[in-house]
Amino acid sequence: MASTPPKPAPARYHGVAILLHWLLAGLLVYQFALGLRLDAVTGTDKFAAFQLHKSIGITILLLSLARLALRLTLPRPAEFGQGAQKLAAQVVHWAFYGIMVFAPLSGWIIVSTAKLKVPTLLFGVVPWPHLPLPPAFNQPAVLAHTVLTWSLPALIALHVAAVTYHLRKRDEVPGRMFPAATSVVAGVIGGVAWLGLTAALGLSGPLPDLWSHKASPVAEPPKLPNPLPYPTPAMPSPNAEPAPTETAPGAEVAVSCDWTVQPGSKLGFTAHYGGEPINGTFRKWQARIKFCADDLPHASIAATVTLASAATGDADRDENLRGASFFDTAQFAQGRFSASGFKLLEPGRYAASGKLSLHGVDRPVRIVFTLVQRGAAATAQGSTSLSRLAFGVGSDEWAATDQIPDAVAVQFTIRAVRAN
Ligand code: HEM
Ligand code: HEM
């Protein structure tokens, strides 16, 4: 039986392979240049630059895997040359593929094992997960990323030198990576200009804010379980009509100024890391509240917060917060806030001055809140801004404010019912 002769190798690369070669070449050069810029940019630009670097890097990883799959399946021109020349071409080409896969992988490991994890939202749209790896992988990954990415310019130089050699010899090699309609000289000039343009864009191009706050992957802090260690009665809806009293109209009723905090109350905070907001809540806290609008001089609040209950939607980051550089909960388990100087600012809006004890430091703190009171139920919502450094929260490498600004916003919603 006559066997079918093998198909002759094509004269040039497949159109898709050519497209991916030039697209990936441009992306790699852009990405390298952007990588060099990561250290220099500051503030929100830094965050934008990292989100862009991660987005382009993961795109490179996915396109390179596709390129490799096509290389193994699509017909391609026969390997050129003999002996050492052929081997050198193979080494350089496979080294390129190695960098195209392992440089992005090492970058992904760096961000997955960083002390403070910043979520990745590819191009502001697609949440990208962190690899489940221990922190011990971080330093080797940084080293691998540096070595792999710095090999790129060396390989490009060798590759372009080889193409120049083939151009001078006027053989068919340079034309194999250009579409048939392109003259080889125009192709090479266009290719080099394309890489020059992407290098310039990476070094000094715009850093668009890819972070879509609408699609923020920062997990909503988990719903608070009952923050109180004791059971509480069901809370009437704040909109409900006041419950009718059994007392005769006009009778004097002694109204209690003590309030019991109800489930649904929330104590949260917002810090920033590299321009990105990080929202957290304290899951365990309690407060004793004395408040009668017509007796402000005797109003008071005393709250105790279990600092280890801070939850930001990322277990590793929470572990960090509990650690010696931040709250140091092994030494300072609780934060305490007490205030008694209440003032009416305008109807329904109050300020209270008091003292916050945190991380072994006492500082005056003023809170401002609105109060909606309906019968025996009340909702207070307020906030304050704290200087974390004034309390010594964030030491060593975390004391610098370019990555983590000093100001941390604290917000609270307290739902309470009047105690009998
Ligand atoms: C970051 C820049 C670049 C990368 C990563 C890159 C990568 C590669 C890879 C991996 C191959 C092997 C294709 C295969 O057999 O699967 C290849 C082939 C080729 N590249 Fe590049 N390249 C880059 C820049 C350039 C430039 C600037 C030129 C032209 C001036 C060029 C011209 C060619 C040519 C002509 C081939 C075909 C070689 C052959 O058929 O043996 N490349 N390139
Ligand atoms: C082929 C793709 C990539 C290239 C060419 C590249 C290039 C670079 C370069 C040149 C640097 C600066 C290195 C230095 O100054 O020593 C850098 C840093 C960095 N890259 Fe990439 N990168 C790539 C992919 C990624 C990906 C996918 C990620 C994350 C998902 C990433 C995350 C990082 C991080 C976190 C740093 C800072 C590392 C440090 O702490 O020193 N990179 N990259």
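A: Ala, Val, Leu, Ile, Met, Phe, Trp, Tyr, Cys and Pro count here as nonpolar, Asp, Glu, Lys and Arg as charged, and the others, Gly among them, as polar. On that basis the shell around ligand 1 holds 14 nonpolar, three polar and four charged residues. The model is predicted, so local features need pLDDT of at least 70 and side-chain atom pairs pLDDT 80 or more, while totals for chains, interfaces and linings use all residues. Residues are numbered from 1 along each chain as written, chains are lettered from A and ligands numbered from 1 in written order, and side-chain values use heavy atoms, without hydrogens or water.

Of the 21 residues around ligand 1 (a heavy atom within 4 Å), Tyr13, His21, Arg71, Tyr97 and His159 come nearest. Helices α1 (15-37), α2 (43-73), α3 (83-113), α4 (138-169) and α5 (184-204) each supply at least two residues of this shell; helices are DSSP runs (H or I, at least four residues), numbered from the N terminus.

The iron atom of ligand 1 is coordinated at 2.0 Å by NE2 of His21 and NE2 of His159 (donors are N, O and S atoms within 2.8 Å of the metal, or 3.2 Å for Na, K and Ca). Since His21 lies in helix α1 and His159 in helix α4, the pair ties together parts 138 residues apart in sequence.

Among the polar contacts (N or O pairs within 3.5 Å), a side-chain N or O atom of Tyr13 is 2.6 Å from an oxygen atom of ligand 1. A polar side-chain atom of Tyr97 also lies 2.6 Å from an oxygen atom of ligand 1.

Definitions and conventions: Polar contact = N/O pair within 3.5 Å; in protein donor to acceptor, adjacent residues only side chain to side chain.
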